[in-house]
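Here are my notes on the model you sent over. Have it open beside you as you read the points below.

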Amino acid sequence: MSNSASDVFKALGHPARVQFVKLLGEGEKCVCDLVESVDLGWSTVSRHLSVLKEAGIVTDEKRGLQVFYRLSLPCVSQFIACLEQDAETVQTDCACHSMET
């Protein structure tokens, strides 16, 4: 498992994985819930979660026959939310903007 910046950004390189991070930003979820939330098959969801786990973005816990995932890097979810803000909000609320001269 790794969580270097390049590994994290590479893992976020697919829209489905970004969607999983957003969903997990709401709290821990069972794989079955994640499969229902997206239009992908079990094996595809499993592969995407494996990529996120390998990058150190999520962790999993097996409980009986179910596997639950949660974010191990909650800042990734916050970063995605920041990127999805509208341009006007970013320009007025972004800390980087106040650093310009």
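1. Let's start at the hairpin of β2 and β3, where 2 residues lie between the strands and Gly64 adopts a positive phi near 65 degrees. Please keep in mind that this is a predicted model, in which local features need pLDDT of at least 70, side-chain atom pairs count only at pLDDT 80 or more, and totals for chains, interfaces and linings use all residues. Residues are numbered from 1 along each chain as its sequence is written, and side-chain values use heavy atoms, with hydrogens and water left out.

2. Across from Val58 you will find Leu71 in β3. Strands pair here if DSSP finds at least two bridges between them.

3. β3 (residues 66-71) also pairs with β1 (residues 29-30), again antiparallel, through 2 bridges. Lys29 has Tyr69 of β3 as its bridge partner.

4. Overall, the protein chain has 6 helices and 3 strands, in the order α-α-β-α-α-β-β-α-α along the sequence. Both kinds of element are DSSP runs numbered from the N terminus: helices are H or I with at least four residues, strands E with at least two.

5. How much of the chain is buried? Of its 101 residues, 32% are buried (under 20% relative accessible area, 1.4 Å probe, protein chains only). The chain exposes about 6,600 Å², with 53% supplied by carbon and sulfur atoms; the areas come from the Shrake-Rupley method with a 1.4 Å probe.

6. Finally, contacts (heavy atoms within 4.5 Å): among those between residues at least 6 apart in sequence, 54% join residues at least 24 apart.

Notes
Buried < 20%, exposed > 50% of the residue type's maximum accessible area, 1.4 Å probe, protein only.
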